[in-house]
Amino acid sequence: MSLQPGQQAPQFTLISSEKKEVSLSDFKGKKVVLHFFPMAFTGVCTTQLCTMRDNFGYYDGLNAVVLGISVDSPFTLAKFKADNNYQFELLSDFNKTVSPAYGAFYEDWILGLKGVAKRAAFVIDEDQNIVYAEVLESAGDLPDFAKIAEAVK
């Protein structure tokens with residue numbers, strides 16, 4: 001079951017595309033926009049993150065950070081980030097602990113792949129409570145970027 005607004009966000013520490021540990025608690029006092037995505041370099045995932053990249057300026061002055069999370073390795077995420085000029089951290093949930101904790105996890109996905117993050121978006125407030133939650137069952141759908149932006153205001 002996915003998390004709902006009003007619930008405390010599950011804490012995590014993951015390895016970034018820069019090969020550094022990043023914890024949710026690092027951002028206490030800031031709003032956090034979490035974007036879960038199934039796989040780097042796929043069409044819809046690239047669209048999802050490029051939309052955030054292209055609208056990144058919207059978050060200026062809002063005391064907010066954007067983080068992308070997938071089960072890809074940090075090495076794959078580093079190449080994905082560089083190729084697409086993302087200004088935000090990409091985090092590797094390679095060990096598949098965070099995606100399930102957020103209810104954003106496919107046990108079985110396409111092509112026989114198992115254990116892949118669902119496409120999802122969460123906005124977490126300065127006290128690390130969830131204020132917006134959207135988990136999509138279809139990997140072909142995109143999150144509601146307007147609602148995400150509204151939740152960050």
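Predicted model: local features only at pLDDT ≥ 70, side-chain atom pairs only at ≥ 80, totals over all residues.

Mentor: Beyond its neighbours within four places in sequence, S16 is in contact with V22, P74, E89, L90 and L91. The side chain of S16 also has a polar atom 3.0 Å from the backbone nitrogen of E18.

T13 belongs to strand 1 as well, which covers residues 13–16. T13 has a relative accessibility of 44% and therefore counts as partly exposed. Not counting residues up to four places away in sequence, T13 touches E21, V22 and S23. With S23 there is a polar contact between side chains, at 2.5 Å. S25 lies 12 residues from T13 in sequence, and the two C-alpha atoms are 8.5 Å apart.

Seven strands make up an open sheet with mixed pairing, in the order 2-1-5-4-3-8-9. The edges are strand 2 (21–23) and strand 9 (130–135); each has a single partner strand, so one side of each has no neighbour in the sheet. On average, neighbouring strands are turned by 30° against each other, direction ignored. As a general point, strands of a sheet pair through backbone hydrogen bonds, in either the parallel or the antiparallel sense.

Both senses can be followed here. Strand 3 (residues 31–36) pairs with strand 4 (residues 64–70) in the parallel sense, over six bridges, and K31 stands opposite A64 of strand 4. Strand 8 and strand 9 pair in the antiparallel sense over five bridges, with A121 opposite E134 of strand 9. These two strands form a hairpin with five residues between them, and in its turn Q128 has a positive phi of about 70°.

Helix 1 (residues 43–54) lies across strand 3, strand 4, strand 5 (89–92) and strand 8 (120–124), and runs at about 155° to strand 3. Helix 4 (residues 145–152) touches strand 3, strand 4, strand 8 and strand 9, its direction making about 160° with that of strand 3.

The largest nonpolar core has 21 residues, and F12, L34, F36 and Y102 have the most contacts inside it. Strand 3, strand 4 and strand 8 are the elements that give two or more residues to this core. Another core, of 20 residues, lies apart from it; C50, V66, V123 and A149 are among its members. In soluble globular proteins, nonpolar side chains tend to be buried together.

Last, the whole chain. The secondary structure comes to four helices and nine strands, in the sequence pattern β-β-β-α-β-α-β-α-β-β-β-β-α. The radius of gyration is 14 Å, close to the 15 Å that the globule rule gives for 153 residues, so the chain is as compact as a globular protein of that length. Along the principal axes, the C-alpha atoms fill a box of roughly 40 × 35 × 30 Å. Among contacts between residues at least 6 apart in sequence, 64% join residues at least 24 apart.

Terms used:
Residues numbered from 1 in each chain as written. Heavy atoms only, no water. Buried < 20%, exposed > 50% of the residue type's maximum accessible area, 1.4 Å probe, protein only. Contact = heavy atoms within 4.5 Å. Polar contact = N/O pair within 3.5 Å; in protein donor to acceptor, adjacent residues only side chain to side chain. Pairing = 2+ DSSP bridges. Axes fitted to C-alpha atoms, helices over the stretch in contact; angles between N-to-C directions. Core = buried A, V, L, I, M, F, W, Y, C linked by side-chain atoms within 4.5 Å. Rg over C-alpha atoms; globule rule 2.2 N^0.38 Å.
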